[in-house]
Amino acid sequence: MWRAQDQFGREVAAKVINEDMHDIANVRDHAFALAQVTHPAVVRFYSVEHAYHPDHPDETVECAVMELISGTTLEARLKGSPLLWHQVVRIGRDLCSGLQAIHTANINHGDLGTCNVMLRNRGRAQIIDLLYRGTLAALTPQQLGERFSTDVRGLSAILAEILAQSVFGARAAERFVREEAGHGSLWWTRAVFLRIVDEFRPLRAHGVVTFPSGYSYLPGAAYVGVYVLASGDSVAVGLDLGYPSITNFAEEVADSI
């Protein structure tokens, strides 16, 4: 994938169509279907264009031109601080509705994972990189259904991971995996996910936010709060723009709350 500029001066993402992607007609088949998907949680597709190869300027290639998304991948975000409850809900809902829009257009992603999800401003999730090798024209309804099931398994893995990397920890993720396993349908995966996050919804009482998982949140000064773990340990959480940073909370700072 390359950052490029189109004829209108817009910055775009251009994916070079390689020879191993079968034939251009097949790529155009995918591109036509993808262009029908207009959903905020799915990358916008613009066109297939001729361009000079970025590595070989004397050669021309076909490129799939898409929206250039600013942000970070979900994969990178999950290596940081734990996700808060509202972030888990927002990302999960975005991915479920985005994948539903893709499947409604009778296409599938084929490689859905945390590296193919971008987080934009305020943590809105967007599915990217949908063009892949394969042919739609030759697929039977059964084969298309199998591809849809592969996407749902990828979605399930992502939802389990964001639950595990949230303030809820492994308990919520294990419940999701146990209750969702074996069904393979998008509506069921979404229903199980939303039911679990609703059960883990934080409850506010007397200025203290308590999580069913054993966490408590004590509102602190200006965008900073404290999570008190069941073990008694305290950690600081910055709440700016929904991208928290989390560190061991120094004792003298904790005493000042």
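Modeller: In this predicted model, the largest nonpolar core contains 52 residues, and Ile162 and Leu163 are the members that touch the most others. Helix H3, spanning residues 85-104, supplies the largest share of this core, with 9 residues. Beyond its neighbours within four places in sequence, Ile162 is in contact with Leu74, Leu78, Leu83, Val88, Ile91, Gly92 and Phe193.

Both Ile162 and Leu163 are among the buried residues of helix H4, which covers residues 141-164. H4 has 24 residues and reaches 35 Å from its first C-alpha to its last, close to the 34 Å expected at 1.5 Å a residue. Its buried positions are Leu144, Phe148, Asp151, Val152, Gly154, Leu155, Ser156, Ile158, Leu159, Ala160, Ile162 and Leu163. An α-helix has 3.6 residues a turn, so residues three or four places apart point the same way. In H4, Leu144, Phe148, Asp151 and Leu155 are among the residues that are buried. The cover over the buried residues of H4 includes helix H2 (74-77), H3, strand S6 (117-119), helix H5 (170-180) and helix H6 (186-199).

H3, which is part of that cover, has 20 residues and extends 29 Å from first C-alpha to last, close to the 28 Å expected at 1.5 Å a residue. Because 14 of its 20 residues are buried, H3 is largely enclosed by the rest of the structure. One cysteine, Cys96, is buried, with a relative accessible area of 2%. H3 is followed by Asn106, whose phi is positive, near 60 degrees.

Another cysteine, Cys63, is likewise buried, at a relative accessible area of 6%. The structure holds 0 disulfides.

Attention may now turn to the sheet. An open sheet is formed by 4 strands in the order S1-S2-S4-S3, with antiparallel pairing. Its edges are strand S1 (2-5) and strand S3 (45-52), each of which pairs on one side only. From one strand to the next, the twist averages 45 degrees. S3 is joined to strand S4 (residues 60-67) by 7 bridges, and the two run antiparallel. Phe45 stands opposite Met66 in S4.

In contrast to the buried cysteines Cys63 and Cys96, Ser70 counts as exposed, because its relative accessibility is 57%.

Buried residues make up 45% of its 257 residues. Of the contacts with a separation of 6 or more, 57% come from residues 24 or more positions apart.

How values were computed: Residues are numbered from 1 along each chain as its sequence is written. This is a predicted model: local features need pLDDT of at least 70, side-chain atom pairs count only at pLDDT 80 or more; totals for chains, interfaces and linings use all residues. Side-chain values use heavy atoms; hydrogens and water are left out. A nonpolar core is a set of buried Ala, Val, Leu, Ile, Met, Phe, Trp, Tyr and Cys residues joined through side-chain atoms within 4.5 Å. Buried means under 20% relative accessible area, exposed over 50%, partly exposed in between (1.4 Å probe, protein chains only). Contact means heavy atoms within 4.5 Å. A disulfide is a pair of cysteine sulfur atoms within 2.5 Å. Two strands pair if DSSP finds at least two bridges between them. Axes are lines fitted to C-alpha atoms, for helices over the stretch in contact, and angles run from 0 to 180 degrees between N-to-C directions. The expected span of a helix is 1.5 Å times one less than its number of residues.
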